[in-house]
Amino acid sequence: MNLFAKLKKLSDAFGVSGHEDEVRELIHEMAAPYVDSCEVDPLGNLICSRGKGPVVMLDAHMDEVGFLVRWIEPNGFLRIAPVGGWDERLLLGQRVVIRARDSRKVKGIIGATPPHILSSEDRKKTAPLEELFVDVGAGSREEAEGMGITIGSPLTIYYPCELLREGYATGKAFDDRVGCLVALEALRLTADERLPYRLAVNFAVGEELGLRGAKAAAFRVAPQVALALEGTVGADVPGIPEAKQPTRLGKGPAITVADRSIVVRPRMVGFLEGIARAEGIPYQYKLPAYGGTDAGAIHLERGGILAGVVSVPCRYIHSPVSLLSLSDLEGAVKLVVGFLRRAQELLR
Ligand SMILES: [Zn+2]
């Protein structure tokens, strides 16, 4: 399977925070051939490990932003509550997929009041999420419940991943399935190498709700060094000056110097830069200080852990669609493979 096909599988999988079962099963299947053991902790983190000795941890989060059904109207329409940060302007008119009882998938649409009925003033306003509803074609609450929908059923945007053009993929949930893919590829490409440490790869739950899974996993795994892998904000689009673009597409993987959750120690930044230069991998810095990642939670565990972040730039994350350059993804894989081959230098 080529890199895009793997990205598509991961992006299309369902995994709203707290409901990561489907994507976890897929990742488990993809990782199992390249590790000694996989365990699922009580929160739902999937921790895959290989080798012996001091621990080096990779982390990528499986969960994606989405919604929960918060109410079913008597006439069958659903009201929804957000899971993670959404840009509410972008939701009207989107298609959604609900994971109903027994893992049944139900399709729906986020309906809107026809402009014909709105006053000219209301047409200029963004309807708040509170006022939005999901239409699943049910005529009554009973009918919606008969489709397996209950209060708490998770849902997310329906947007199958595809190539926009050669080398550019568009899909949902690149934040952070692209990080999961980087970790899986790094496991595959180093599978036959004896690394002089124990490698533990955490596929985390609950990042979008405050780095929840990674915090618990870092305590359990007790690494000396950790690297979080992310899909991050690519904002090289019209109207945004370069100084405000956290990262740009096609310029290579991004090395974080600081975000709102961590100031990465210069030792780690320099180490990653050194690998990129030695391997001839183009790279960029993620401009400070936008966003936060699992590294923010991990570096505070266990008396402190040396942690860094490598990201793949993705335009339009936390919206129904994202766009990435496969060349950045390939660069991130090379950088992380280089990191694993030399990570023992950080254990001294
Ligand atoms: Zn993320």
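Author: Start with helix H1 (residues 3–12) and helix H5 (residues 174–189), whose axes come within 9 Å and cross at roughly 135 degrees. This is a predicted model, in which local features need pLDDT of at least 70 and side-chain atom pairs count only at pLDDT 80 or more, while totals for chains, interfaces and linings use all residues. Residues are numbered from 1 along each chain as its sequence is written.

Some terms come first. Helices (H or I, at least four residues) and strands (E, at least two) are DSSP runs, numbered from the N terminus. Axes are lines fitted to C-alpha atoms, for helices over the stretch in contact, and angles run from 0 to 180 degrees between N-to-C directions. Two packed helices are described by the angle between their axes and the distance between the axes.

Back to the first pair. At that crossing angle of roughly 135 degrees, H1 is therefore oblique to H5. Angles under 35 degrees count as roughly parallel, over 145 as roughly antiparallel, 65 to 115 as roughly perpendicular and the rest as oblique. The crossing of H1 and H5 is right-handed. A crossing is left-handed if the near helix is turned anticlockwise from the far one by less than a right angle, and right-handed if clockwise.

Which residues make the contact? H1 supplies Lys 6, Leu 7, Leu 10 and Ser 11. H5 supplies Phe 174, Arg 177, Val 178, Cys 180 and Leu 181. Two residues are in contact if their C-beta atoms, placed from the backbone, lie within 7 Å. By class, this contact of H1 with H5 has 6 nonpolar, 1 polar and 2 charged residues. Ala, Val, Leu, Ile, Met, Phe, Trp, Tyr, Cys and Pro count as nonpolar, Asp, Glu, Lys and Arg as charged, and the others, Gly among them, as polar.

H5 also packs on another helix. The axes of H5 and H9 come within 9 Å and cross at roughly 50 degrees. H5 is therefore oblique to H9. H5 passes H9 in a right-handed crossing. From H5 come Val 178, Val 182, Glu 185, Ala 186 and Leu 189. They meet Leu 329, Ala 332, Val 333, Val 336, Val 337 and Leu 340 in H9. By class, the contact of H5 with H9 has 10 nonpolar, no polar and 1 charged residues. Val 178 is named in the contact with H1 and again in the contact with H9.

A cis peptide bond joins Asp 175 and Asp 176, with omega about 15 degrees. Asp 176 is placed in helix H5.

Now follow H9 onward. Helix H7 (residues 266–279) and helix H9 (residues 326–342) pack at an angle of about 110 degrees, with their axes 9 Å apart. That angle is why H7 counts as roughly perpendicular to H9. The crossing of H7 over H9 is right-handed. H7 brings Leu 272, Ile 275, Ala 276 and Glu 279 to the contact. H9 brings Lys 334, Leu 335, Gly 338, Phe 339 and Arg 342. By class, the contact of H7 with H9 has 5 nonpolar, 1 polar and 3 charged residues.

Next, the wider setting. The protein is divided into domain 1 (3–64 + 172–347) and domain 2 (66–157). These bounds come from an automatic or database domain assignment. The C-alpha centres of domain 1 and domain 2 lie 31 Å apart. Across the boundary, 11 residues of domain 1 are in contact with 13 residues of domain 2. By class, the side of domain 1 that touches domain 2 has 4 nonpolar, 4 polar and 3 charged residues.

Strand S4 (residues 66–72) and strand S5 (residues 78–83) pair in the antiparallel sense over 6 bridges. Two strands pair if DSSP finds at least two bridges between them. Their hairpin has 5 residues between the strands, and Gly 76 there takes a positive phi near 95 degrees. S4 also runs antiparallel to strand S9 (residues 154–157), joined by 2 bridges. Phe 67 stands opposite Pro 82 in S5, and the bridge partner of Phe 67 in S9 is Leu 155.
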